[in-house]
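Okay, thanks for making time, everyone. I'd like to walk you through one structure today, so let me put it up on the screen.

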Amino acid sequence: MFEIIKANTNFNFTNKFTLTSILSVIVVVASLAGVFTKMQYGVDFRGGAEIQVKFTEHVPLNDLRKDMSKAGFKGLTAQSIGEESANEYLLKVAASEEKLNQVTQKATESLNSLYASKGIEIRKVDIVGPKAGAQLRISGFQAMLWALIAIMIYIGLRFDFKYSPGAIVALFHDVSIILGVFAFTGTEFTLQTVAALLAVIGYSVNDTVIVYDRVREHEARFIGRPLSEHINNAVNETLSRTFLTSGTTLFVSMTMLFFGGLAIRDFFLAISLGVIIGTYSSIFVAAPVTLLFDRMKAEKNETNETVNA
Amino acid sequence: MKRSWWYRFIFLIAVTVMSIVVVIPTVMDFNEESNYPVKSKINLGLDLQGGLYMILGIDFKKVYKDEVRSYARKIEYTMKDDAGVIVTGGEIDATDPLDPKMEIMISSASDVQKTKDKIHEFFNGLLRITGEDTSKIQIALTNNVKRTIEEQSVTKSIEVIRNRIDEFGVTEPEIVSQGKDRIIVQLPGVKDIDRAKELIGRTAKLEFKLVNDQIPMAQVQSWLKKTEDAGIVFNKGDRFSDYIKKVNENLKDELPKNYILAFEKKVSKATNEVELKIPYLVDLNPRITGDDLADARVLIDQQKNEPYVSLDFKKQGADRFEKVTGENIGRRMAIILDGNVYSAPNIQTRIAGGRAQITLGSGNFNQTMKEARDLALVLRAGALPVQLDFLEQRTVGPSLGHDSIDKARFASLVGCALVFIFIFIYYRVSGAVAMVTLSLNVLFVLAALVGLEATLTLPGIAGIALTIGMAVDANIIIYERIREEIRKGVTNYKAVEKGFEQAFWTIIDANITTALAGLCLLNFGTGPIRGFAVTLLIGIVATVYTSYFAGRLFFEFYMDKVEGQDLSI
């Protein structure tokens, strides 16, 4: 048998929990700080307009900026996307709510006439009114909230409600860190990001469920032992599976990230991060939180009993 | 061999063959004319084939305001015709924009009760009286009316948009409602995006207004000159409606009371610029609106061989139309769509019975026919009393989608190849089984996309790639369980059986949680994102079937063949 993780592996995960918890808390807090201060929202959520253009001939970014400014489009920003030799640019149109459609229309017309000789191609135009942007923000948030609630209920019903908080905290942990990375790297938060986050939520829970499944099995088989021992054994036994699955998923998401093209790059950035962080969190976040809740419950029971006595 | 094995095997073969049959036209890129029995191919989303995606919103605040105003007008006419009392519309109070109230001014206090009675008689259940004193009463719409407006606005708008798109010929448009006040329009593969946008964006608000021909044309031209001097000109790219608004604001004090200027514009086909605008002085308030119209069709006068447009009015509209035409024979009636005069035919006679004709004069038959058809379209579209706002517009050029497909397809293949190589090295023969089940997985997902007529989007391709990455998970769970059993010293037969049994609920749990996330996404999703959710969900079902059930089948077959002597895992 070819094994990467040996069958008799027995790390003591539980005694690392204090250390990893501190680490996780720091990273999550930093990430959240980044999300609230630095996050750049894409046109989907912010509202506004974007024009993506590509030229067959070389057009320097500065010329593009100057020409558009001369044509009267104040506040229009341009940035190159992908490699510079691709001559592909993203222009963000600045205009008031009522004029957004009109100004964008004019901007595309100007681009077409200014660069007709440079082989211009308008590849994409996105106009999102502020109302639509707000709507998308709300529904994106709702979708994530519902997913969390649904998963919490499912885990509660299938396993035990004592497992739900652990899974949810782990998901919260994963999502905040991914968003933190987005915020600090200046990657825009778009509709695709929401889709990727939901996929990550599904994936990360998947990982957590597998550990819980083992814990439950151990609890049924070895009655009377502490939960921490069950968790440690379950994590060790599923470790090989955890690494293999994360590895194969990473193969796919990383190749998509590097070779899949610009349009889905950010999507797979979130997925790749999610796979790595999700794997970490099923062991080092979900499990400790479950233990913590178990202990709190036990203490509460004890105090109740003493009162009753 | 067990009997149940055969059933399951035949089922798998049947599903596989069906899937291959369904997927072939897509993979081989057959065209419609090929002899192959299956015609349907995977629909490519807008982001992959280019096209236009829009979300249109209905501003009900404005609709309610228009509606209450139109009721006020109806009260005016009713009072004049039925009671001989002159009442006029007053101020509109839109402090609560969702419940605008309008004043009806009544000159003598004794008529107030009369007016109230008439409102109760004719508009019972439609209007509320929200206030009154000796000189006026205030009206507002009932919730019933508002609800009906809401329900009808969306469905009617969709009808109108579809009608226009169809008549101008765009293939496979998708026009659906979203929520109470939104309409999603998707026009995949549409080439002339500007024209499509213009078509849909054209506000369908139809009004019939009498033209004031007493004021000489020279006077109208001098007014226009004045606005030009004030710097109000129409530039290319501006909205014509904005221009009209500015002109009328500027001339507020000059124009006779209750009249405004409207224009008939001629747009050059070549440059798409407004070449000519003919001014008309028309009523401020329309006599008849698109609401009153039931239908408009092009018919041909058999004797003269001339096309004409036939109008059918609704009951209410018919009565009013008869009155208006009867009182104004010889005058012109402007047909105005969204503030633009479309045509201004002469009223030749009193028109009763709710049916009218608009003749377009003789001339080149084809030319007249085209004019008639356009006019009918405008009139029909005008049956929509709602103004649509563009909330979201996304256009994708065809080459971008093409690039995206190529890159994503390449990356997916590389990713899959890596996974395949890895599992083969790691699990040997069992890895090869996993390769087969994974390939079947992709096949089934593609077949399901064709079968369900779902749309493949770029995030959808991402979903398929991700399905592969995650489907291996099921295989790994099973294989690791089998390995555990073997380590315990169980026989190969037993290890395989136990491995599959114990992995079952784990796989189900893991996939259900992902499916829950997918369902939430589907519910929230717009456009391409829905495509991702759809492929993810299809992928989950396919994964459970191929990795677990098909995988188990292969293992049983393999164990039977080697009689449990050998297990390469």
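Let me start at one residue, Thr467(B). Setting aside neighbours within four places in sequence, Thr467(B) is in contact with Asn441(B), Thr535(B), Gly539(B) and Thr543(B). And before I go on, keep in mind that this is a predicted model.

So where does Thr467(B) sit? That residue belongs to helix H12 of chain B. Its relative accessible area is 5%, so Thr467(B) is buried. A polar atom of its side chain lies 2.7 Å from the backbone oxygen of Gly463(B).

Now, helix H12 (458-487) of chain B is also one of the elements giving two or more residues to the side of chain B that touches chain A. So let's go to that interface. On the chain B side 67 residues are in contact with 73 residues of chain A. The area buried between the two chains is about 6,100 Å², and carbon and sulfur atoms give 63% of that.

How many salt bridges cross between chain B and chain A? The rule finds eight. There are also 22 residue pairs in polar contact across the interface, both residues at pLDDT 80 or more. As for what the chain B side is made of, its residues split into 35 nonpolar, 13 polar and 19 charged.

Glu3(A) forms a salt bridge with Arg487(B), with the closest N and O atoms 2.5 Å apart. Then there's Arg214(A) with Glu484(B), where the closest N and O atoms are 2.8 Å apart. That pair runs between chains, from helix H7 (residues 191-221) of chain A to helix H12 of chain B. Buried or exposed? Both Arg214(A) and Glu484(B) are buried.

Strands take part as well. Strand S4 (residues 120-128) of chain A is joined to S18(B) by five bridges, and the two run antiparallel. In that pairing, Val128(A) stands opposite Glu392(B) in S18(B).

Okay, salt bridges over the whole structure.

In chain B, have a look at Arg8(B) and Glu556(B), a salt bridge with the closest N and O atoms 2.8 Å apart. This one links distant parts of the chain: Arg8(B) is in helix H1 (residues 3-28), Glu556(B) is in helix H14, and they are 548 residues apart. Glu556(B) counts as buried, at 19% relative accessibility, because the cut-off for buried is under 20%. Arg8(B), at 29%, counts as partly exposed.

And there's a network: Asp44(A), Lys124(A), Asp126(A), Glu392(B) and Arg394(B) are joined by salt bridges that share partners.

Last stop, Val285(A), in helix H9 (residues 265-308) of chain A. At 7% relative accessibility, Val285(A) counts as buried. Beyond neighbours within four places in sequence, its contacts are Ser24(A), Val169(A), Ala170(A), His173(A) and Tyr280(A).

That's my tour; over to you.

Technical notes
Residues are numbered from 1 along each chain as its sequence is written. Chains are lettered from A and ligands numbered from 1 in the order in which they are written. This is a predicted model: local features need pLDDT of at least 70, side-chain atom pairs count only at pLDDT 80 or more; totals for chains, interfaces and linings use all residues. Side-chain values use heavy atoms; hydrogens and water are left out. Contact means heavy atoms within 4.5 Å. Buried area is the accessible area (1.4 Å probe) that two parts lose on being put together, summed over both. A salt bridge is a side-chain nitrogen of Lys or Arg within 4 Å of a carboxyl oxygen of Asp or Glu. A polar contact is a pair of N or O atoms within 3.5 Å; within protein, one must be able to donate a hydrogen and the other to accept it, and residues adjacent in sequence count only if both atoms are side-chain atoms. Helices (H or I, at least four residues) and strands (E, at least two) are DSSP runs, numbered from the N terminus. Ala, Val, Leu, Ile, Met, Phe, Trp, Tyr, Cys and Pro count as nonpolar, Asp, Glu, Lys and Arg as charged, and the others, Gly among them, as polar. Two strands pair if DSSP finds at least two bridges between them. Buried means under 20% relative accessible area, exposed over 50%, partly exposed in between (1.4 Å probe, protein chains only).
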